[in-house]
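Visitor: I'd like to learn how to read helix packing and ring pairs. Can you walk me through an example?

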Amino acid sequence: MRFEQLTLAGIAALHLGVGLTHTYSHAAADVPIPAVHQVYIVIVVTLMPLAAVWLAFRRSLRLGVALFAASMYASFVFGYLMHFVLDSPDLHSNIVGDSAGVFFHTALSLALVEFVGFAFGLVAAVRRIR
């Protein structure tokens with residue numbers, strides 16, 4: 001097993017855990033997730049990183065880290081816009097009540113993990129291409 005594979009799996013596991021916690025914070029704060037966003041979250045944010053890890057272990061490390069970087073970038077942009085930029089029910093500053101802190105911190109944690117995942121995947125993919 002290679003360093004890149006283990007690191008990829010670790011980041012993906014952390015991302016999944018933080019994502020599940022953030023999903024809980026949506027329910028606790030009574031913030032609905034539109035159906036089209038749910039589809040995007042399931043496919044791009046949740047399944048693509050897991051598929052990327054599988055690819056990195058079973059098929060092609062280069063393809064796996066490239067897919068991981070792409071999924072983390074797409075997840076980061078989506079989450080950043082929804083939680084920190086666009087005025088929507090998802091905007092962290094629109095959340096009030098006891099769950100506001102958990103909502104904000106899990107959204108911020110997701111953004112950080114996704115940015116790190118994108119950077120790691122990009123560097124690993126570039127190193128693999130050489």
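Predicted model: local features only at pLDDT ≥ 70, side-chain atom pairs only at ≥ 80, totals over all residues.

Visitor: What describes two packed helices in general?

Guide: The angle between their axes and the distance between those axes. Here, the axes of α2 (residues 35–58) and α3 (residues 61–85) come within 8 Å and cross at roughly 155°. Angles over 145 degrees count as roughly antiparallel, so α2 and α3 are roughly antiparallel to each other.

Visitor: Which residues of α2 and α3 meet?

Guide: On the α2 side, they include His37, Tyr40, Ile41, Val44, Val45 and Met48. On the α3 side, Leu61, Leu63, Gly64, Leu67 and Phe68 are among them. By class, the contact of α2 with α3 has 18 nonpolar, 4 polar and no charged residues.

Visitor: At what angle do α1 and α2 pack?

Guide: About 160°, with their axes 10 Å apart. That makes α1 roughly antiparallel to α2, and their crossing is left-handed. From α1, the contact draws on Gln5, Leu6, Leu8, Ala9, Ala12, His15 and Leu16. The α2 partners are Val45, Thr46, Pro49, Ala52, Val53, Ala56 and Phe57. Sorted by class, the contact of α1 with α2 has 11 nonpolar, 3 polar and no charged residues.

Visitor: On to the rings. How many aromatic pairs are there?

Guide: The count comes to 7 aromatic pairs. One of them joins Phe3 and Phe120, 6.3 Å centre to centre with 75° between the planes, which is edge-to-face. This pair links distant parts of the chain: Phe3 sits in helix α1 (residues 3–28) and Phe120 in helix α4 (residues 100–129), 117 residues apart.

Visitor: Is Phe3 buried or exposed, and what about Phe120?

Guide: Phe3 has 59% relative accessibility, so it counts as exposed. Phe120 is buried, with a relative accessible area of 17%.

Visitor: What about the rings of Phe84 and Phe104: how are they arranged?

Guide: Their centres are 6.2 Å apart and their planes stand at 85°, so the pair of Phe84 and Phe104 is edge-to-face. Phe84 lies in helix α3 and Phe104 in helix α4, so the pair ties together parts 20 residues apart in sequence. Phe84 counts as partly exposed at 23% relative accessibility, and Phe104 as partly exposed at 26%.

Visitor: Which residues do ring pairs link into a cluster?

Guide: Phe76, Tyr80, Phe84, Phe104 and Phe115.

Technical notes: Residues numbered from 1 in each chain as written. Heavy atoms only, no water. Axes fitted to C-alpha atoms, helices over the stretch in contact; angles between N-to-C directions. Helix = DSSP H or I, 4+ residues; strand = E, 2+ residues; numbered from the N terminus. Parallel < 35°, antiparallel > 145°, perpendicular 65-115°, else oblique. Contact = heavy atoms within 4.5 Å. Nonpolar A, V, L, I, M, F, W, Y, C, P; charged D, E, K, R; others polar. Phe/Tyr/Trp six-rings, centres within 6.5 Å; stacked < 30°, edge-to-face > 60°. Buried < 20%, exposed > 50% of the residue type's maximum accessible area, 1.4 Å probe, protein only. Left-handed = near helix turned anticlockwise from the far one by under 90°.
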